[in-house]
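User: I'm new to this one and would like a walk through it. Could we take it step by step?

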Amino acid sequence: MFQSMRDKTLSHAAKIAINSQIEAYGQVQRLNLDSKKKSIELEVLLHGEIEAFKVHVDHYELIEVDGRHQLKVHRVTTSRAWINTIASTHLEGRMFNVPDKYGKILKEFI
């Protein structure tokens, strides 16, 4: 039960953080993080689209490098074939900076 509550809180914080980074392109409508499986599922609605697409991150890592927290994603699949190509090229294995205000909290709980 504690893990479920923690994951809901982390999911909410991650959704806010991601939305602040992609607001020019669209918005994350739903995000579910599973800290036990180290997986993330989200739905993203891009500006001008009428239907959100689904994203599944099969595995992620939270890494600390030089005092900065970074998220590394592995095995990303989406509900759109052309986005799968972009994801495999530009997301998988890449490190993303986590804002300091979230990084320390995430490191405590994940």
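## A first look at the chain

Analyst: Happy to. The chain has three helices and five strands, and keep in mind that this is a predicted model.

User: What share of the residues is buried?

Analyst: Burial here means a relative accessible area under 20%. The chain has 110 residues, and the buried share of them is 32%.

User: How many bridges join E3 and E4?

Analyst: E3 covers residues 53–65, and E4 covers residues 68–78. One of the facing pairs is Val57 with its bridge partner Val76 in E4. The two strands pair in the antiparallel sense, and the number of bridges is ten.

User: Which residue takes a positive phi in the hairpin of E3 and E4?

Analyst: That hairpin has two residues between the strands. The positive phi is near 55 degrees, and the residue taking it is Asp66.

User: On to E2 and E3. Which residue in E3 stands opposite Leu42?

Analyst: E2 spans residues 39–46 and pairs with E3 in the antiparallel sense, over five bridges. Between these strands the hairpin has six residues, and Gly48 there takes a positive phi near 90 degrees. Opposite Leu42, you'll find Val55.

User: Which element gives the largest share of the largest nonpolar core?

Analyst: This core has 16 residues, and those touching the most other members are Leu31, Ile40, Leu42, Val55 and Val57. Helix H1 (2–22), strand E1 (26–34), E2, E3, E4 and helix H2 (81–90) each supply at least two residues. The largest share, four residues, comes from E3. As background, nonpolar side chains tend to be buried together in soluble globular proteins.

User: Val57 keeps coming up. Which residues does Val57 touch, leaving out those up to four places away in sequence?

Analyst: Val57 is among the core residues that touch the most other members, and its bridge partner in E4 is Val76. That partner is also on its contact list. Leaving out residues up to four places away in sequence, Val57 touches Lys38, Ser39, Ile40, Val73, His74, Arg75 and Val76.

User: Is Lys38 buried, partly exposed or exposed?

Analyst: Lys38 is found in the loop between E1 and E2, and its phi is positive, near 60 degrees, though the residue isn't glycine. Buried means under 20% relative accessible area and exposed means over 50%. Lys38 has 25%, so it counts as partly exposed.

User: And what is the relative accessible area of Arg75?

Analyst: Arg75 lies in strand E4. Its phi is also a positive value in a residue other than glycine, near 50 degrees. Arg75 is partly exposed, with a relative accessible area of 47%.

User: Last one: how far from Arg80 is the nearest side chain of opposite charge?

Analyst: Arg80 lies in the loop between E4 and H2. Leaving out residues up to four places away in sequence, Arg80 touches Glu49, Glu51, Ala52 and Phe53. A salt bridge needs the charged atoms within 4 Å, and Arg80, although buried, has none. The nearest side chain of opposite charge is Glu51, at 4.3 Å.

Methods:
Residues are numbered from 1 along each chain as its sequence is written. This is a predicted model: local features need pLDDT of at least 70, side-chain atom pairs count only at pLDDT 80 or more; totals for chains, interfaces and linings use all residues. Side-chain values use heavy atoms; hydrogens and water are left out. Two strands pair if DSSP finds at least two bridges between them. A nonpolar core is a set of buried Ala, Val, Leu, Ile, Met, Phe, Trp, Tyr and Cys residues joined through side-chain atoms within 4.5 Å. Buried means under 20% relative accessible area, exposed over 50%, partly exposed in between (1.4 Å probe, protein chains only). Contact means heavy atoms within 4.5 Å. Lys and Arg count as positive and Asp and Glu as negative; His and the chain ends are not counted.
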